Amino acid sequence: MPTPDEPSPGPDPEPAASAAPAPAAPPAVEGAAAAPAAPPAVEAASAAPAAPHPVDAPPALAELPLADEPPPVSPPPRRAARSPAAPAAARPAAPAPATPAPAAPPRATTHHAGGGHHGAPHNRKELAALSIGALGVVYGDIGTSPLYAMRECLAWGHAPNAVEPTTAAVLGVTSLMLWALILVVVIKYLVFVVRADNKGEGGILALSALLDGGAGPRAAKLAVPLVLALFGAGLLFGDGVITPAISVLGAMDGLGEQSASLEPFIVPAAIGILVALFLAQRHGTGRIGGVFGWIVLVWFLAIGVAGVRWIVVEPSILRALSPHYAAMFLVERGWPGFLLLGSVVLVVTGGEALYADMGHFGRTPIRLAWFIVAFPGLVLNYLGQGALFLARPVGSISNPFYAMVDGPLLVPMIVLATMAAIIASQALISGVFSLTRQAMQLGFWPRVTVTHTSEKNEGQVYVPEMNYMLLAACIILVLGFRSSSALASAYGIAVTGTMAITSYLFYLVSRRVWHHSQRRALALLVPMLIVDFAFLVANATKFADGGWFPLAVGLAVFAVMTTWWRGRIELARAMEAGNLAEDLFLADIIAQPLHRVRGTAVFMASTTDGIPNVLLHHIKHNQVLHKQVVLFSVRTESAAWVTGNKALTVSDLGNGFYRVVARCGFMQSPDVPRLLARCVPLGLTIDEARTTYYLGRQTLLTGGRSPFARWRKLLFSFLARNARPPTAFFNLPPNRVVEMGVQVEL
């Protein structure tokens with residue numbers, strides 16, 4: 001919560017990845033207007049009973065906004081000192097502390113039929129629409145892998161890492177590809193990992209938020225699982241940069257197949273397509289998915305039919321369905337065969353995006369889209385490309401995908417492939433948007449603009465800052481590598497690294513959250529890691545050929561995340577000395593009353609105890625108080641959504657002072673005025689025209705003695721200056737906001 005104590009934070013310095021309960025709030029006291037029979041702790045109830053949220057009323061917008069600054073570093077809460085003037089009827093007979101948000105339940109998944117926070121689809125038509133949308137957004141990346149995956153493995157003499165396409169090699173490589181799809185996408189992600197959703201939200205950060213090992217506010221370092229999650233998120237950002245570039249370049253390679261004179265236009269055409277793609281993002285993944293889904297449906301049907309044509313010509317390729325040929329290829333080829341896994345992994349790129357995008361559509365639509373359309377189309381196409389290599393002379397095929405449709409069908413396929421390549425980029429782009437939002441709400445990323453692009457599905461968001469950063473990075477990649485073959489060497493490390501981290505975090509969730517036995521958890525972890533590390537080691541050899549790029553992006557993102565997290569903790573510690581104990585302040589207000597004016601003053605407080613600096617500065621300079629003073633704090637919980645009676649707590653501190661504590665999930669968006677309106681039935685008197693919001697704005701000085709590396713201080717200061725203003729972030733009316741500045745030395 002941005003207060004004078006905090007710069008431009010995202011949420012709270014205590015990462016919400018920890019499922020430990022938050023410190024108890026001060027005893028809640030009823031407002032004078034409350035009925036005498038009301039319970040001691042006054043908690044807001046939603047307008048309707050807490051129930052699974054329907055598709056047309058997502059909880060984030062209908063019930064609770066997201067936290068920007070929950071509790072940084074604060075002492076244990078004290079009991080609220082009540083003013084002698086407070087009405088006796090307003091005091092409960094048996095005071096009870098407000099109940100903090102509970103820790104994560106033993107089973108942390110939602111089990112919605114749809115698997116997402118937007119609930120189960122209401123009917124088959126809605127399920128079909130979500131499945132089509134998922135097809136366009138989620139499977140565009142993995143669906144365009146046939147453009148370059150088989151070429152990198154078997155186009156001998158035309159691709160740098162390809163092997164000679166003998167019959168054994170063709171059967172072995174094709175079998176490796178098919179079983180990579182089965183083991184990684186089908187079994188690992190769609191059967192197991194998607195079950196570890198955080199109230200419908202997927203992705204590596206949502207997975208880490210289910211764990212209890214998050215660092216507390218005074219922790220000297222982050223817990224190991226969270227460090228891995230942050231680095232994995234950084235790698236996924238790197239993957240999000242490479243995917244659009246390689247997909248579009250792979251489609252544009254068809255121009256060279258059509259005519260050698262068109263090759264100089266490949267790079268300019270790719271850049272033009274990328275610009276158009278990123279400019280379209282502002283329309284939202286829902287609209288994009290609705291349009292893209294039908295195109296991708298045609299794409300999977302087309303590549304499946306193209307594959308069937310060559311399977312009929314060379315039916316012996318069907319032997320590749322047996323994993324025996326994959327095993328024999330690895331055994332007979334030895335180390336060179338093992339290194340080819342660095343190219344085989346191209347068939348599963350997009351698996352992690354599948355998990356990260358789960359909140360956009362839900363678990364069931366994503367599974368249906370895969371098993372009914374995507375998986376059959378991919379299997380038939382890879383078998384068809386393998387059959388083509390068996391039917392044609394060795395070394396005669398430079399691009400097996402386009403060679404399957406040579407003749408009059410080539411140009412239509414180039415057009416369809418170009419559209420599919422544009423769509424392929426959508427999975428990672430929307431995944432980056434989701435990860436950015438999660439990181440911001442968990443306290444690992446500066447505030448950025450988050451635009452909700454759907455009234456029905458809260459998970460569909462657009463982040464313009466990240467969108468244009470990705471566009472710039474993609475253009476740089478296209479200009480630097482200039483071909484999909486060159487980019488293929490840079491592709492695998494980010495994907496396999498993120499997959500390995502996801503496997504380990506899934507193991508921790510199964511042990512700590514689901515309480516599976518060690519034997520049962522290891523029975524899942526060991527096979528997953530064997531596959532993940534095999535791909536990772538095979539790709540590590542391509543570090544010098546471009547594999548360094550996604551690692552560099554991952555490390556840069558990791559540095560930003562950890563610097564923002566640690567900087568906010570150091571800032572909170574620097575400001576904590578200026579806080580005043582709640583009981584001392586209230587006693588002083590009673591002993592030396594200040595002039596009170598009409599209206600309500602809302603002071604955004606970063607802690608749920610004590611008096612924030614912004615209020616002390618206000619009294620120091622203005623020597624006046626409003627008749628009603630609200631200390632407003634927001635806490636980010638480890639769950640994706642917090643709704644109903646647990647969302648809002650109001651405590652009457654006496655003498656016109658109230659403390660409001662809003663608890664929210666890391667996928668909910670802030671709307672402080674709307675929250676205040678929900679407090680009216682609980683004793684607050686809110687007149688929008690006479691409500692003033694007080695925020696703090698800090699100027700950071702980096703020359704202090706804080707145990708914080710100099711480069712991190714400079715980076716944190718830069719991020720704080722450029723973060724989104726808190727007024728817009730909390731949806732505060734600009735004409736009723738007062739900001740008070742203070743210099744803070746770190």
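Predicted model: local features only at pLDDT ≥ 70, side-chain atom pairs only at ≥ 80, totals over all residues.
Residues are numbered from 1 along each chain as its sequence is written. Local features need pLDDT of at least 70 and side-chain atom pairs count only at pLDDT 80 or more, while totals for chains, interfaces and linings use all residues, and side-chain values use heavy atoms, without hydrogens and water.

**Overall make-up**

The chain has 25 helices and nine strands. Both are DSSP runs, numbered from the N terminus (helices: H or I, at least four residues; strands: E, at least two). Of the 746 residues, 62% are buried. Buried means under 20% relative accessible area, exposed over 50%, and partly exposed in between (1.4 Å probe, protein chains only). The accessible surface is about 25900 Å², and carbon and sulfur atoms hold 64% of it. Accessible areas come from the Shrake-Rupley method with a 1.4 Å probe; for residues, only the protein chains shown count as cover. Among contacts with a separation of 6 or more, 85% join residues 24 or more positions apart. A contact means heavy atoms within 4.5 Å.

**A helix crossing**

Helix H10 (residues 323–339) and helix H19 (residues 518–540) have axes that come within 7 Å and cross at roughly 75°. H10 and H19 are therefore roughly perpendicular, a label for angles of 65 to 115 degrees. Trp335, Phe338 and Leu339 of H10 meet Ala534, Val537 and Ala538 of H19. Axes are lines fitted to C-alpha atoms, for helices over the stretch in contact, with angles from 0 to 180 degrees between N-to-C directions.

**Salt bridges**

Side chains of opposite charge can pair when their charged atoms come close. The rule here is a side-chain nitrogen of Lys or Arg within 4 Å of a carboxyl oxygen of Asp or Glu. It gives five salt bridges, including these:

| Pair | N to O distance |
|---|---|
| Glu152 and Arg151 | 3.0 Å |
| Lys188 and Asp532 | 2.8 Å |
| Arg363 and Asp197 | 2.9 Å |

Glu152 is buried at 2% relative accessibility. Arg151 is buried at 5%. Lys188 and Asp532 are both buried. Lys188 lies in helix H5 (residues 167–192) and Asp532 in helix H19, so this pair ties together parts 344 residues apart in sequence. Arg363 and Asp197 are buried as well. Arg363 is in helix H14 (residues 363–391) and Asp197 in the loop between H5 and helix H6 (204–208), 166 residues apart.

**A surface patch**

Val308, Val312 and Leu380 form a nonpolar surface patch with about 230 Å² of accessible area together. Val308 sits in helix H9 (residues 285–313). Val308 is partly exposed, at 34% relative accessible area. Patch residues have over 30% relative accessible area and no salt bridge; like charges are joined within 9 Å, nonpolar side chains (Val, Leu, Ile, Met, Phe, Trp, Tyr) within 5 Å.

Technical notes:
Parallel < 35°, antiparallel > 145°, perpendicular 65-115°, else oblique.
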